[in-house]
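Please look over the sequence and the model shown here, and then read the report that follows.

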Amino acid sequence: MKKKNVTRKELAAAINEKLGVSQRNGAELVDKIFAVMKETLISGESIKLVQFGTLTVRDKAPRRGRNPRTGEAMTITKRKMVSFRPSKRLREQLNS
Amino acid sequence: MNKSELIEALAEKMQLPVREAASITNTIIDTMSDALAQGDSIEIRGFGSFVVKEYDSYIGRNPKTGEKIKVAPKKLPFFKVGKDLRERVNENRKK
């Protein structure tokens with residue numbers, strides 16, 4: 001079976017199906033919920049969804065790197081990254 | 001932020017009763033978990049994507065005792081942050 005790719009469209013359809021919200025409103029709700037999560041992460045705050053997992057904003061230290069094209073050595077400045085730690089429940093669900 | 005805070009924020013922004021915002025949030029989380037459990041990926045433009053990686057079984061070692069152990073095959077979800085979110089978490093740094 002070919003692996004599917006779930007996008008906002010499929011999430012909107014799921015809301016429509018389960019809750020009877022119109023497809024268009026479903027899309028708006030999906031957009032809004034991800035917008036809220038995005039703002040939270042941009043402000044540096046983590047999001048902890050017990051059933052699903054935790055999204056955290058982590059600081060990455062500066063390090064020496066190279067430009068892969070020229071081979072020139074350079075310092076990669078410190079930056080932030082978003083990391084995800086799946087919950088125990090999600091890990092179990094994937095392996096059951 | 002935890003789930004109830006996310007639900008409250010959604011309720012406020014969409015002018016919805018909290019109970020309705022809760023069903024919506026739970027439906028989204030359940031749909032995402034089910035998709036990953038089936039091995040599907042999730043891609044939310046501007047936010048990020050979740051992909052399931054499959055690992056074969058391998059012989060590992062207990063790092064404390066050095067003892068060899070067989071690790072069962074497993075699947076793990078990975079998150080890759082989207083371009084827009086990645087750039088925006090780094091915005092404050094530049095100012």
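Arg88(B) is partly exposed, with a relative accessible area of 32%, where buried means under 20% relative accessible area, exposed over 50% and partly exposed in between, computed with a 1.4 Å probe on the protein chains only. This is a predicted model, in which local features need pLDDT of at least 70 and side-chain atom pairs count only at pLDDT 80 or more, while totals for chains, interfaces and linings use all residues. Residues are numbered from 1 along each chain as its sequence is written, chains are lettered from A and ligands numbered from 1 in the order in which they are written, and side-chain values use heavy atoms, with hydrogens and water left out.

**Salt bridges**

Arg88(B) forms a salt bridge with Asp84(B), a salt bridge being a side-chain nitrogen of Lys or Arg within 4 Å of a carboxyl oxygen of Asp or Glu. Helices (H or I, at least four residues) and strands (E, at least two) are DSSP runs, numbered from the N terminus. Lys38(A), Asp84(B) and Arg88(B) are linked in a network of salt bridges, and over all chains the structure holds 6 salt bridges. Three of these pairs are set out in the table.

| Pair | Closest N and O atoms |
|---|---|
| Arg88(B) and Asp84(B) | 4.0 Å |
| Glu87(B) and Lys83(B) | 3.3 Å |
| Lys88(A) and Glu92(A) | 3.4 Å |

Glu87(B) and Lys83(B) also lie in helix H3 of chain B, residues 83-89, with 4 residues, about one turn, between their positions; Glu87(B) is partly exposed at 39% relative accessible area, whereas Lys83(B) counts as exposed at 55%. In chain A, Lys88(A) and Glu92(A) both belong to helix H3, residues 88-95, and are 4 residues apart, about one turn of the helix. Lys88(A) is exposed at 57% relative accessibility, while Glu92(A) is partly exposed at 46%.

**The H2 helices**

Helix H2 of chain A covers residues 23-42, and its 20 residues reach 28 Å from the first C-alpha to the last, close to the 28 Å expected at 1.5 Å a residue; the expected span is 1.5 Å times one less than the number of residues. The buried residues of H2(A) include Phe34(A), Met37(A) and Lys38(A), and just after this helix Gly44(A) takes a positive phi of about 95 degrees.

In chain B, the 20 residues of H2(B) should span 28 Å, and the end C-alpha atoms are 28 Å apart, which agrees. Among the buried residues of H2(B) are Ile28(B), Thr31(B), Ala35(B) and Leu36(B). Gly39(B), which follows H2(B), has a positive phi near 90 degrees.

Most residues other than glycine have a negative phi. Gln15(B), a residue other than glycine, has a positive phi near 55 degrees; Gln15(B) lies in the loop between helix H1 (3-14) and H2 of chain B and counts as exposed at 73% relative accessibility.

**Aromatic pairs**

A search of the whole structure finds 7 aromatic pairs over all chains, where rings of Phe, Tyr and Trp (its six-membered ring) pair if their centres lie within 6.5 Å, with planes under 30 degrees apart counted as stacked, over 60 as edge-to-face and the rest as tilted. The rings of Phe84(A) and Phe50(B) have their centres 5.0 Å apart and their planes at 80 degrees, so this pair is edge-to-face. The pair crosses between chains, from strand S6 (residues 79-86) of chain A, which holds Phe84(A), to strand S2 (residues 48-55) of chain B, which holds Phe50(B). Phe84(A) is buried at 13% relative accessible area, and Phe50(B) counts as buried at 2%. One aromatic cluster is formed by Phe34(A), Phe52(A), Phe84(A), Phe47(B), Phe50(B) and Phe79(B).

**The second largest pocket**

The second largest pocket holds about 160 Å³ of space. On a 1 Å grid over the protein atoms alone, a pocket is an open set of points where a 1.4 Å probe fits, with protein on both sides within 12 Å along at least five of seven lines, and lining residues have an atom within 4 Å of a point. The lining includes Lys4(A), Glu10(A), Thr31(B) and Asp40(B). Strand S1 (5-6) of chain A and helix H2 (18-37) of chain B each supply at least two residues of this lining, and the largest share, 3 residues, comes from H2(B).

Note on methods. Grid points are joined across faces, edges and corners, and a volume is the space filled by probe spheres set on the points.
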